[in-house]
Amino acid sequence: MPTPAAKPTTWATATAHDTASPIDAIAAETVTTDATSAHAITTGAITIDASSAKPTIGHTTATRTSYTNATFADATPNDGISTGRITTTTSPPEKIAYPVQLVQPDGRRVLDREHAALVADIGPDRLRQLYLDMVVARRIDTEATALQRQGQLGLWPPLLGQEAAQIGSAHALHPDDYVFCSYREAGVAYCRGVDPAQITRLWRGVAHSCWDPAQINMTNPAIVVGSQGLHATGYAYAAHLDGAEIAVITYFGDGATSQGDIAEALGFAATWSAPVVFFCQNNHWAISEPVRIQSATPIARRAYGYGIPGIQVDGNDVLAVLAVTRQAVARARAGGGPSFIEAITYRMGPHTTADDPTRYRSAAETELWRRRDPIDRIRRLLEREGLWGSTFERQVRERSDEVAARLRTATIEMPDPEPKDLFEHVYATPHSLLDRERREYIAYLEGVRP
Ligand SMILES: Cc1ncc(C[n+]2csc(CCOP(=O)(O)OP(=O)(O)O)c2C)c(N)n1
Ligand SMILES: [Mg+2]
């Protein structure tokens, strides 16, 4: 039976959806199903024994199961789909779970046994590592913002305030999982092992890409809002057909949920059980558009319309984010299909360095969220639990100084590419039109150059 989690007293003002809160906590339950009836899935943390499943292909009566347990051999395709795939039915609960929180802003733990169990292995060293990575992510951001202000970068999209959402989720991934990001996930890239010297390449305008996606299993920044949702879904589906037990995660914002691409990705991922985690960083703003005019319901709730379990998490709580992302990643890797996570956080800086947020939001709002700073929260947790010390503090400072110095020096020293290099890395194989355009461009440059 569901066990209500402790409701954090500090949350009521933290949600973007005042009309939808407070929301009762609903814990996970274990359901055994014969797949002929639809079960209401509460938080998505659901275990289904599908050994006797007799799914109805292509329809929404069968509850999505684990591939390892289910037998689809005797399934009779009745809609032209012959892969034996079944679809997910997730009936939307009356209320979605209260945003998962494991650490309150003052650093005290929240009593939520179900989600705490998902991070029970996170001991002192790993907690400190989470803190360190968040500080480094912030330092990367500060350094890149300064470089843009100094004329060394054309543009930079700050991640300030979103460190817990990015580091917590990235720590849930395995090296062979694949990330499809937006433009704001430098913190995720850092956790994937990117060389800090590469992070600004795109933003300095010297390359089409920052890093080699194949090296860190993470795509380059997607500027076309929401496009990465489709790429992720296609990749996940293909990986699944290949029998690869991996998860794919796609990062996007609250604004991106209004894009057709995300809607299409959700629909396809659900019906084809693509192992993809939709990770929405609800940072309350899509440039100057507040989230309240983006969605009339909590964003996570919209996932249910597609047959995907959705969950809200306190996106400034790194442990809570790690817990729910682990859950979704495990589900995907086990063949359980897609999940949707709405991490409620806040973009503390401008949309990009080309933006001036004082034109559309109040200083009071920003101040409110500054007091919920995700880095302060884990620092308070470390202090409360006796894990803070001057040696550790010095190690954090040294590591972030080192990363920042490498990023700065590499950025300033990046060689300008040859104009013809613009045509490289556009297609994987030679392309006749592009070859012609390259030749014409070189001839043009030779004609006009002194
Ligand atoms: C298809 C498309 N439409 C519009 C834009 C311009 N644009 C860039 S970022 C952005 C807002 C995105 O907001 P959100 O999805 O909440 O992500 P955030 O920037 O807050 O991380 C818009 C409208 C774009 N890049 N691509
Ligand atoms: Mg946003």
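Which residues of β4 are buried on one side, and which on the other? Val248, Thr250 and Phe252 are buried on one side of the strand, and Ile249, Tyr251 and Gly253 on the other, which leaves both faces of β4 covered. The model described here is predicted.

**Strands paired with β4**

- Strand β3, made of residues 178-180, runs parallel to β4 and is joined to it by 3 bridges.
- In this pairing, Phe180 stands opposite Thr250 of β4.
- Strand β5, made of residues 276-282, also runs parallel to β4, and 6 bridges join the two.
- Together with helix α8 (residues 260-271), β4 and β5 make a right-handed β-α-β unit.

**Helices α2 and α13**

- Two packed helices are described by the angle between their axes and the distance between the axes.
- For helix α2 (residues 124-149) and helix α13 (residues 390-413), the angle is about 35° and the axes are 9 Å apart.
- The crossing of α2 and α13 is right-handed.
- On the α2 side, the contact includes Arg128, Leu132, Val135 and Glu143; on the α13 side, residues including Phe392, Val396, Arg399 and Leu407 take part.
- By type, the residues of this contact between α2 and α13 divide into 11 nonpolar, 2 polar and 5 charged.

Technical notes. Residues are numbered from 1 along each chain as its sequence is written. Chains are lettered from A and ligands numbered from 1 in the order in which they are written. This is a predicted model: local features need pLDDT of at least 70, side-chain atom pairs count only at pLDDT 80 or more; totals for chains, interfaces and linings use all residues. A residue is buried if 20 or more other C-beta atoms lie within 10 Å of its own, exposed if 12 or fewer, and partly exposed in between; C-beta atoms are placed from the backbone. Helices (H or I, at least four residues) and strands (E, at least two) are DSSP runs, numbered from the N terminus. Two strands pair if DSSP finds at least two bridges between them. A crossover is right-handed if, with the strands pointing away from the viewer, the path from the first strand over the helix to the second runs clockwise. Axes are lines fitted to C-alpha atoms, for helices over the stretch in contact, and angles run from 0 to 180 degrees between N-to-C directions. A crossing is left-handed if the near helix is turned anticlockwise from the far one by less than a right angle, and right-handed if clockwise. Two residues are in contact if their C-beta atoms, placed from the backbone, lie within 7 Å. Ala, Val, Leu, Ile, Met, Phe, Trp, Tyr, Cys and Pro count as nonpolar, Asp, Glu, Lys and Arg as charged, and the others, Gly among them, as polar.
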